[in-house]
Amino acid sequence: MLDKTKRGWHKSAVFYQIYPKSFQDTNGDGVGDLRGVISRLDYLQQLGIDGIWLSPVFASPQKDNGYDISDYCAIDPMFGPMEDMEELIAQAKARGISIIMDLVLNHSSDQHPWFREAVKSKDNPYHDYYVWRDGEPGCPPNDMRATFGGSAWTYVPHLGQYYFHQFVPEQPDLNWENEDMRRGLYGFIRFWVEKGVEGFRLDVIDQIAKEPDRRITANGPRLHEFLRELSREAFCEEGIVTVGEAWGADVERAKLYSAPDGSELSMVFQFEHIELDHEPGKSKWEAIPLPLPAFKACMERWQHGLHGKGWNSLFMDNHDLPRIVSRWGDDGEHRVRSAKMLAIMLHGMEGTPYIYQGEELGMTNVRLPLDAYQDVEILNLYDERRAAGESHDEVMERIYARGRDNARTPMQWTAGENAGFTTGTPWLPVNPNHVQINADAALADPDSVFYTYQRLIALRKEHAVIREGSFTLLCPEDERVFAYTRDLGDAHLLVAANFTAEPVPFARPAAFDGAKTLIANDGDPADGLRPYEAYMLYIEG
Ligand code: TEU
Ligand code: CA
């Protein structure tokens, strides 16, 4: 078990993200709950993870599935009482699993008491906790757009003012220039630390230091000053792990976020690699096949850039992203092989791996009828694209490929009704393929994707070279193979992965003749790589 009182334990850890709404329902209301998470802790322990990133369970009107918080110190009744949260923290800890809560500090819900006060009058003490500009109806301060569509400004007639929101209008942005507001947030964080929470994921943390008049949202001038204060005031204990979601981070900025002295955050969660498979300069809805050389160059840049100078997360899936096996693998004939290939490719690198619920089963994207979708981003996209003249079928294809609800269909536990997720009606339909793809089947099959993840987690603990070795990219121009070596003293690791459904040539470096196979998805390596083949070889000397 890791010593979690010491700074830096996250560098040996593997995390698992739970989207509680979709994980396990225990009371038949069709919505996952904390008792459901507790009931699955043995499964997570069997997988071997060290911590759970729990997507928001705070009180919320659920306009954005909990990323709109109306009380930072309360559990939403939908997920259960506070006692269930306390029990989850304790039961997880007893299994060596830390709970990492998901804090949304960039914005609150419009139903948060702060905002309800703030809208009352301009001289209300909470007014300045949010970002306001004077204006006339129909004439917002500028043309900035909100992430999920529409203007970033919403008018409040009785104030004659607009408030700023980077996401939906029910998610007003907090004003980090206001020190009382900041101190208020630190108080909420301390509440959870005292309850035994051992870390925090910080939602869109690169967007807190905004200057809307200069159209600045990400990486504002005061960002790192704010992060240092946050770290000093709220994350005082050495062992508290913090992971900052930062779409706007490049390698240089990430060195600040994750400086080894711990002055800001433990690690950064950035998306440069994720954004390579859409048309350059366009949105994620304009998908293109993953350009493998660009992907490899990106991973190499981060592996080199942060080695000894910062710390990165390793991930391909989360609750905002389509399922990786459907995205970069093959969710048909080669589903199991390609899911394992992607896992082996990623888990050989330096960083802290995050597994998103169901990724360890090779869960896939889904195609639902329009009226079954729940995500506000999908619903707004549909309206915008239809209004702009796209056909129903065209927009649906985008949603099938990229919609966030792909990640949010219920966890597939069994082949039975509703995949064992609920006895009621699930809030979002279960993927019909749960009949084949489910945890019961995976646990019963020694060749399942589950056991590949289990083994990869164990290998990271066994081999320092996986945690700390230097990184060398092989064959950078190859459009089908991703191969690299890791070196630490006498220990050498080779990872090779074929991203295609065809056999491809691959010349294994001679230094790995006689190496031991740590893990492979297609038996012992031969010459070249078979379709979606991947392996990890280890040799000393
Ligand atoms: O996501 C940040 C974010 O910018 C996303 O909206 C992202 O651009 C989008 O999902 C890609 O399609 C975080 C949370 O992870 C997300 O679930 C929230 O909706 C968002 O912040 C607002 O809190
Ligand atoms: Ca429930």
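Welcome to this protein, which has 16 helices and 18 strands. What you see is a predicted model.

**Overall shape**
- Along the principal axes, the C-alpha atoms fill a box of roughly 75 × 50 × 45 Å.

**Where the domains meet**
- On the domain 1 side, 27 residues are in contact with 31 residues of domain 2.
- Between them, domain 1 and domain 2 bury about 2,200 Å², and 68% of this area lies on carbon and sulfur atoms.
- Within domain 1, the residues that lose the most area to domain 2 are Lys296, Arg337 and Ile344, which together account for 31% of what that side buries.

**Polar links across the boundary**
- There is one salt bridge between domain 1 and domain 2.
- Arg337 forms a salt bridge with Asp522, with 3.1 Å between the closest N and O atoms.
- Counting residues with pLDDT of 80 or more, 11 residue pairs are in polar contact between domain 1 and domain 2.

**What domain 1 brings to the meeting**
- Two helices, H8 (292–306) and H10 (335–347), each supply at least two residues of the side of domain 1 that touches domain 2.
- H10 gives the most to this side of domain 1, with nine residues.
- Sorted by class, the side of domain 1 that touches domain 2 has 12 nonpolar, nine polar and six charged residues.

Definitions and conventions
Residues numbered from 1 in each chain as written. Chains lettered and ligands numbered in written order. Predicted model: local features only at pLDDT ≥ 70, side-chain atom pairs only at ≥ 80, totals over all residues. Heavy atoms only, no water. Contact = heavy atoms within 4.5 Å. Buried area = accessible area lost by both parts, 1.4 Å probe. Salt bridge = Lys/Arg side-chain N within 4 Å of Asp/Glu carboxyl O. Polar contact = N/O pair within 3.5 Å; in protein donor to acceptor, adjacent residues only side chain to side chain. Helix = DSSP H or I, 4+ residues; strand = E, 2+ residues; numbered from the N terminus. Nonpolar A, V, L, I, M, F, W, Y, C, P; charged D, E, K, R; others polar.
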